Amino acid sequence: MKKKVLWIALLALLTLLPFGSVKADGAPLLIAPGPAAESDKPFWYPQDTSNFQFFTDATAPRVADYADIFTDEEEAAILQAIGTQSARGGADIVVVTDSSSYGMSHREYADDFYDYNGYGFGKDRDGIVLFICMEAGNRGWWTSVTGRLDPAVSSGPVLYTETVANALDDALYDYMVSGRYAEGVIDWVGNVGTWLVYGVPFAPLWYPTVEEQAVWVRERNASAARIVDNAGLFAGSEASALQQKAKDLSDTYGVDVVIHAAKNDCGMGKNAYAQAFYQYGGYGLYSDYSGILLVMFGDGSQLLYTEGEVPSCLNDYETVERLLDMSGEAAAGGAAKGAEKYLSLLEKALKNNRIPHSSGSWIMGIVMAALGGLIPGAISRGSASASMKTVRTAFNSNDYLVDGSFRVNSGNDVYVGVTTSRVYSPQSKSSSSEGGSSGGSTYSGGHTSSSGSSHSGSGRKF
Amino acid sequence: MANNVSGRKCPNCGSALRYDPESSRLICDFCDSGFTIEEVDAADREQAQQVGSMNFTAGNEALQNLKAYVCSSCGAEVVADPQTVSLVCPYCGSNIVLSDKINGELCPDGIIPFAITPKALPQAVRNFYKGKKLLPRNFFSDASIGTVQGIYVPFWLYDSNPAGEMIFNGSKDRTYRDGDYVVTEHRNFELHRNVSMSFHDIPTDASERMEDALMDSLEPFDFSAMKAFNTDYLAGYVADRWDKNAKEMKARTDRRVYNSAVTIAMTNTTAGYSDVNLNHRSHLDMSNSTARFVLLPVYVFDIKWNNQAYSFAVNGQTGKVVGTLPEDKALKTRFFLKWWAIGAAVLMAVNWLLFLH
């Protein structure tokens with residue numbers, strides 16, 4: 001009997017004990033690991049969200065590894081990186097992992113974790129959270145931004161756009177699928193720091209910071225190199241020859257001619273990268289900064305950027321495509337050969353305002369014309385041949401219809417049924433607050449979390 | 001056995017008369033006289049009172065289907081097949097009308113006299129050659145036109161009044177989007193149309209000797225110029241009586257009428273429907289039709305070239321020429337290459353202007 005009473009007392013004590021301490025406003029303190037066995041929400045989730053008030057908690061852990069995928073050393077390294085980059089960029093950086101999303105989407109988990117645990121800097125709670133879900137069959141991550149980083153509510157210089165989201169997610173993906181979680185997160189934190197400082201995730205050395213951009217005044221840099229090889233595509237002698245040719249063209253035709261080899265677009269988008277390189281590099285002649293920049297990317301793609309007064313043919317999409325195609329074909333024999341071909345074609349464009357066609361285009365045109373000519377040939381021959389034969393059996397008697405004799409005495413339209421045919425034709429998707437797809441990531445701009453806060457974000461499965 | 005033969009004689013000199021399409025008169029080429037049909041009738045009546053009407057005796061009946069006639073002018077025996085009702089004596093050139101063959105149901109209900117003279121034929125043929133790009137170059141110089149024969153070809157003219165229920169299948173369509181699918185809905189109907197219409201004077205040749213397609217191709221004839229039959233119009237021409245009766249030829253005419261009836265009914269009664277086609281349960285009563293027998297003027301001749309004969313026919317009323325001309329294979333190839341080169345050059349120019357410039 002005594003033993004039975006002791007068991008009851010122990011059970012009563014266990015029932016009364018909470019799994020985690022609770023703050024005065026109802027939000028839980030993040031000290032208990034894992035989800036509560038009897039709850040369908042994670043342990044940090046407020047019991048009552050109806051009266052939730054936003055708060056900031058500088059002491060909340062910036063790395064919450066509930067899925068236990070980091071070692072202690074890795075967690076410390078991530079924390080150190082976060083400390084450095086958030087101080088550098090002036091926005092909160094948080095990483096959370098979990099072995100379940102508790103029935104929520106990755107986006108909802110990330111948003112709610114950030115909102116209900118007091119993250120963010122300043123009154124707008126500026127910050128970014130990376131949620132890594134390790135749930136079997138539901139593995140993936142979601143990045144959510146808040147405050148000045150959210151393009152839905154801010155027009156500041158540092159925004160989590162689709163381009164930025166894809167660049168950050170692309171870099172993280174390889175780490176995630178290969179199980180190098182800590183390494184990937186540290187790299188991600190570094191990229192986020194760069195993005196917070198420069199406005200782009202992988203800013204090149206020449207790129208100004210956000211503060212510098214705010215006070216930047218455009219000026220021509222007469223000493224800027226016309227061949228800038230950041231991808232190691234040209235040998236020294238090749239670069240010198242190209243430099244001389246570009247200079248000759250610039251001097252002769254009064255338009256800056258620049259070639260830049262880059263490994264990638266630094267997560268800015270190729271057009272934005274080319275524009276930034278041209279403008280921040282101080283290129284362009286005269287007051288309208290006339291110039292033509294060819295960017296040769298490491299993936300083999302090329303982009304032509306022009307400003308000011310340039311031959312009109314270079315404003316024609318097809319002509320530019322042809323120019324790039326022909327120089328791209330020549331680049332198969334080496335980047336320098338491609339650049340030489342480009343400068344040669346550009347000279348013709350500057351001289352004659354036209355880009356000649358490749359011999360392949362001419363041959364294709366001739367073949368198409370020859371084949372097309374068969375049609376009038378066959379029609380004319382058939383028509384001439386038909387005119388030689390005027391003997392034909394009469395098929396109808398239309399010419400002998402008595403005028404006004406045709407009568408419809410009665411008519412009746414009998415419905416016999418319906419047949420339908422369905423052709424699959426998917427509608428193009430457009431980005432919306434509910435989410436859209438861009439690149440390899442799912443991007444969501446300007447959605448509202450359960451707490452009522454606005455977030456934007458992106459994520460992928462792995 | 002006596003066969004009735006009539007040949008019109010010149011009231012002045014007794015020579016044979018021929019019908020002249022240009023002047024619509026009977027002409028004597030011997031004394032260069034010209035008479036209307038009424039004038040010759042009056043002269044004949046006067047002569048009959050004086051010497052009695054002339055009788056012609058039938059000749060040899062040895063051949064089963066051929067009959068021999070004695071020419072009233074020269075006394076020669078002329079053999080004619082059963083279909084021939086008018087011919088020219090090969091000995092003296094007199095016109096002979098075998099009037100015993102054009103009695104009763106064999107008597108035409110009308111005739112369209114020749115309006116085109118044989119003299120006008122070469123020009124008509126030359127016009128026919130015009131624009132024929134594939135005609136061999138030496139066709140004009142080497143070809144020889146054979147004997148031109150003016151023939152009154154027997155035709156049946158049908159009046160047809162088809163009536164009945166035409167049934168068409170048709171649909172009203174609408175297209176809408178259902179998610180990622182484009183759905184086309186066809187609401188199908190049977191369109192029942194009780195129709196009637198009338199066709200007048202559909203010509204169908206009634207001569208076995210004439211190729212049907214060749215005679216069809218001579219249309220149209222102007223039936224307002226139709227005259228009451230008179231043997232005098234036959235003078236100078238060959239004429240045949242029908243050897244395919246009206247009942248026999250009705251099926252061919254009905255096919256033409258049916259095709260027209262379907263087209264006319266479909267065009268006029270199915271507006272608003274798409275994919276319209278004829279339902280096989282349609283029924284059109286074609287029995288309400290009549291036919292009359294007429295003679296229509298046709299010239300026929302062969303052109304011989306390169307050891308081959310090419311048959312031609314000319315509408316004796318309108319001058320329309322029909323026939324199949326020979327094609328020069330080399331010209332045909334050159335013609336094709338010429339237009340192929342022009343087409344290719346135009347396409348290349350367009351290509352250059354739009355894309356390669």
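**Two chains, one strand pairing**

Me: What does A:Gly417 stand opposite in E12(B)?
Reply: That's B:Asn188, in E12(B). Strands here (E, at least two residues), like helices (H or I, at least four), are DSSP runs numbered from the N terminus. It's a predicted model: local features need pLDDT of at least 70, side-chain atom pairs 80 or more, while totals for chains, interfaces and linings use all residues. Residues count from 1 along each chain as written, with chains lettered from A and ligands numbered from 1 in written order.

Me: How many bridges join E9(A) to E12 of chain B?
Reply: 16, and the two strands run antiparallel; E12 covers residues 181–196 of chain B. Pairing takes at least two DSSP bridges.

Me: And how many residues of each chain are in contact?
Reply: 57 of chain A with 60 of chain B (C-beta atoms, placed from the backbone, within 7 Å). On chain A's side, helix H11 (359–387) and strand E9 (407–424) are the elements giving two or more residues.

Me: Switching to chain B, how many helices and strands?
Reply: Chain B has 6 helices and 19 strands. Of its contacts between residues at least 6 apart in sequence, 69% join residues at least 24 apart.

Me: Back in chain A, how do H2 and H5 pack?
Reply: H2 (residues 72–89) and H5 (residues 181–198) pack at about 5°, axes 8 Å apart (lines fitted to C-alpha atoms over the stretch in contact, angles 0 to 180 degrees between N-to-C directions). So H2(A) and H5(A) are roughly parallel, meaning under 35 degrees.

Me: Which residues make that contact?
Reply: Among them are A:Ala77, A:Ile78, A:Ala81 and A:Arg88 of H2(A), and A:Val185, A:Ile186, A:Val189 and A:Leu196 of H5(A).

How values were computed:
Contact = placed C-beta atoms within 7 Å. Parallel < 35°, antiparallel > 145°, perpendicular 65-115°, else oblique.
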